[in-house]
Amino acid sequence: MYLQVTDLKKSYGAGESRVSVLNGITMGVERGQMCVIQGSSGSGKSTLLNCIGGLDEIDAGSVVVDGKEISGLKSGALADYRRENLGFVFQFYNLVPDLTVRENIQVCEYLTGQPLDLNELLETLGLFEQRDKFPSQLSGGQQQRCAIARALIKNPRLLLCDEPTGALDSKTSREILILLEKINEKYGTTMLIVTHNNSIKNMVHKVVVVKDGLIKSDYENRRRTPAAELEDL
């Protein structure tokens with residue numbers, strides 16, 4: 001198992017203001033799988049993603065990625081884990097406005113000794129013609145492609161996506177999902193995708209549904225629908 005989460009617990013606050021968000025999450029994802037994490041607002045799905053990504057410190061339990069336990073790592077080791085293993089894609093693109101597409105991607109290229117080929121990645125993501133444009137000159141879909149390219153240039157083993165299509169229209173959302181599917185097939189990147197969109201679950205290998213900080217259901221798709229054929233995005 002590439003990713004194994006066991007009895008994960010996480011809360012925020014203290015005393016009377018303490019709120020328990022994750023109440024004992026156990027799940028696993030195989031290497032190269034695309035996995036969707038679904039749940040209503042406040043169910044704990046984004047917190048789960050943040051704990052796996054080392055952005056939130058956990059209260060109890062275990063998170064093992066590629067055989068390495070990340071819970072309890074000190075800040076330096078945790079930074080190394082994120083740099084060497086992870087790519088992050090968020091709903092809001094967080095691009096640097098004064099840098100071109102190429103320069104935004106290169107910000108993360110320098111973090112690894114074995115980056116992907118930048119020009120090949122630009123071609124794969126359909127950004128080669130926009131490489132010298134600034135974020136303000138791009139459409140929302142192009143900005144999200146740039147954010148994905150920035151996450152991928154490090155050649156991460158695990159891509160964490162928090163509502164990657166949440167700010168996009170239906171047509172552009174489908175284009176981004178087709179792109180993620182293509183990346184998974186081409187690079188074998190393991191992906192965790194947090195989403196409210198119920199259709200996305202049909203395109204992935206595995207679906208995890210979170211409710212009230214617990215796993216409500218956890219199953220694998222025997223028949224996957226290509227992203228291009230998804231409905232009601």
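## Exercises on a predicted chain

Arg145 touches Leu125, Gly126, Leu127, Glu175, Ile176 and Leu179, when residues up to four places away in sequence are not counted; contact here means heavy atoms within 4.5 Å. The model is predicted, so that local features need pLDDT of at least 70 and side-chain atom pairs count only at pLDDT 80 or more, while totals for chains, interfaces and linings use all residues. Residues are numbered from 1 along each chain as its sequence is written, and side-chain values use heavy atoms, with hydrogens and water left out.

### Exercise 1

Find the element in which Arg145 lies, and decide whether Arg145 counts as buried or exposed.

**Solution.** Begin with the element: Arg145 lies in helix H5, where helices (H or I, at least four residues) and strands (E, at least two) are DSSP runs numbered from the N terminus. Next, take the accessibility: Arg145 counts as buried because its relative accessibility is 17%, and buried means under 20% relative accessible area, exposed over 50%, and partly exposed in between, with a 1.4 Å probe and protein chains only. Finally, look along the chain: Arg145 and Ile176 are 31 residues apart, yet their C-alpha atoms are separated by 7.2 Å.

### Exercise 2

### Exercise 3

State the order of the strands in the open sheet, and then place the helices that pack on it.

**Solution.** Six strands form the open sheet in the order S6-S7-S8-S3-S9-S10, with mixed pairing; two strands pair if DSSP finds at least two bridges between them. The edge strands, each of which pairs on one side only, are S6 (86-90) and S10 (214-220). From one strand to the next the twist averages 15 degrees. Helix H5 (residues 140-152) lies across S6 and S7 and runs at about 165 degrees to S6. For these angles, axes are lines fitted to C-alpha atoms, for helices over the stretch in contact, and the values run from 0 to 180 degrees between N-to-C directions.

### Exercise 4

Which residues have the most contacts inside the largest nonpolar core, and which helix gives the most to this core?

**Solution.** A nonpolar core is a set of buried Ala, Val, Leu, Ile, Met, Phe, Trp, Tyr and Cys residues joined through side-chain atoms within 4.5 Å. The largest one has 40 residues, and those with the most contacts inside it are Ile105, Leu125, Ile148, Leu159, Leu177, Leu180 and Met203. Helix H5 gives the most to this core, with six residues. Take Ile148 as a case: beyond its neighbours within four places in sequence, Ile148 is in contact with Val89, Leu125, Ile176, Leu179, Leu180 and Ile183. A second, separate core of 28 residues includes Leu3, Ile37, Leu86 and Leu192.
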